[in-house]
Amino acid sequence: MLNFTDVTEFILLGLTSRREWQVLSFIIFLLVYVVTVVGNIGMILLIKVSPQLSSPMYFFLSHLSFVDVWFSSNVTPKMLENLLSETKTISYAGCLVQCFFFIALVHVEVFILAVMAFDRYMAIGDPLLYGSKMSRTVCIRLISFPYVYGFLVSLAATLWTYGLYFCGKIEINHFYCADPPLIKMACAGTFVKEYTMLILAGINFVYSLTVVILSYLFILIAIVRMNSAEGRRKAFSTCGSHLTAVVMFYGTLIFMYLRRPTEESVEQGKMVAVFYTTVIPMLNPMIYSLRNRDVKEAMNKVISRTILTK
């Protein structure tokens, strides 16, 4: 029986053992990763240079894009390396670091989505006082909470991983170090780790999702009371992108982490994890740019200025 610190490395089984599928997967995920990084950094820069995107909504969106870049970068480079490698290993230190940043960034993202829902409620429910109530100082305080809380929760969750023991089996049935396959692989010390994972995930997902649901309940009430059809259309337009991001991210995470780790759930979770670690970070900037008139107008202006300067 080996303590976590006695293990020198783990073997990541990845998505498939077939060589031809590994090469194809490498090409696909490399393209997805490049689009993710370029799209999210592009969104951050667009918000930075566009005066019409200076509202709190876009301030929070720039942080969502920032987290998406790191979220994808925490998993994808190692996955790409292992797709072309024969050994497909990750050191125990690397595994711990990946676990830590993954848990931290997941919590940061879910609470940023909650903050963005609250921001939409403030903008639609009380537009006249929106500017004063959502001042720069308030926005910085609101965005600081997800980062501080997310990394503290992750530190505690990662430290509990040291309580896991392994009986010679060091193959992780996943393409990155995730709690469910680690718990399933361990032969002792799983009780505390498993139940703290379920409790932390449950509390934090329910709490952040409650903020989202209550915010949109009040938003719906405010929209129903609007006399202007144009106002209702604009309100639905600004909320549609955020709701799409919420449904995709929360849905996949709940499927992954609010179930006890079994062979079946780990295998299913591996497929779902592809979606929220690689696809969702790529889709977020597309969702907000294609469904948001302000973003499209800002993008057109930046492109026009770039062409004219040349």
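User: Why is Cys177 called buried?

Analyst: Its relative accessible area is 1%. Buried means under 20%, so Cys177 is buried. The model is a predicted one.

User: What makes Cys95 and Cys177 a disulfide?

Analyst: The S to S distance for Cys95 and Cys177 is 2.0 Å. The cut-off is a pair of cysteine sulfur atoms within 2.5 Å. The pair therefore counts as a disulfide. A disulfide is a covalent bond between the sulfur atoms of two cysteines.

User: Which parts does the pair Cys95 and Cys177 tie together?

Analyst: Cys95 sits in helix α3, and Cys177 in the loop between β5 (171-172) and α6 (179-185). The pair therefore links parts that are 82 residues apart in sequence.

User: Why is the disulfide of Cys95 and Cys177 called left-handed?

Analyst: The torsion about its S-S bond is about -120°, so the disulfide is left-handed.

User: Is Cys95 buried or exposed?

Analyst: Cys95 has 0% relative accessibility. Under 20% is the limit for buried, so Cys95 counts as buried.

User: How do you know that Cys99 is in no disulfide?

Analyst: The nearest cysteine sulfur to Cys99 is that of Cys95, 4.5 Å away. A disulfide needs the sulfur atoms within 2.5 Å. Cys99 is therefore in no disulfide. Cys99 has 3% relative accessibility, so this residue counts as buried.

User: What about Cys139: which cysteine sulfur is nearest?

Analyst: The nearest is that of Cys239, 16 Å away. The cut-off is within 2.5 Å, so Cys139 is in no disulfide. Cys139 counts as buried because its relative accessibility is 3%.

User: How many disulfides does the structure hold?

Analyst: The structure holds 1 disulfide.

User: What makes up the largest nonpolar core?

Analyst: This core has 65 residues. A nonpolar core takes buried residues of the nonpolar kinds, joined through side-chain atoms within 4.5 Å. Phe60, Leu61, Ile112, Tyr176 and Tyr276 have the most contacts inside it. Elements that each supply at least two residues include α1, α2, α5 (136-160), α7 (190-225) and α10 (293-309). The largest share, 15 residues, comes from α3.

User: Which residues are in the other core?

Analyst: Another core, of 13 residues, lies apart from the largest one. Among its residues are Val7, Phe10, Cys95 and Ile172.

User: What is the volume of the largest pocket, and which residues are closest to its centre?

Analyst: The volume is about 290 Å³. Of its 14 lining residues, Arg120, Ala123, Ile124, Lys234 and Thr238 are closest to the centre. Two or more lining residues come from each of α2 (56-84), α3 (92-125) and α8 (229-257). The largest share, 4 residues, comes from α8.

User: How do the residues of that lining divide by class?

Analyst: The lining of the largest pocket has 8 nonpolar, 3 polar and 3 charged residues.

User: What makes a residue part of the lining of the second largest pocket?

Analyst: A lining residue has an atom within 4 Å of a pocket point. Residues that line the second largest pocket include Ile44, Lys48, Tyr58, His63, Phe66 and Arg136. The pocket has a volume of about 240 Å³. Elements α1 (19-49) and α2 each give two or more residues to its lining. The largest share, 5 residues, comes from α2. By class, the lining has 6 nonpolar, 4 polar and 2 charged residues.

Terms used:
Residues numbered from 1 in each chain as written. Predicted model: local features only at pLDDT ≥ 70, side-chain atom pairs only at ≥ 80, totals over all residues. Heavy atoms only, no water. 1 Å grid on protein atoms, 1.4 Å probe; cavity = no way out; pocket = protein on both sides within 12 Å on 5 of 7 lines; lining within 4 Å. Points joined across faces, edges and corners; volume = space filled by probe spheres on them. Nonpolar A, V, L, I, M, F, W, Y, C, P; charged D, E, K, R; others polar. Buried < 20%, exposed > 50% of the residue type's maximum accessible area, 1.4 Å probe, protein only.
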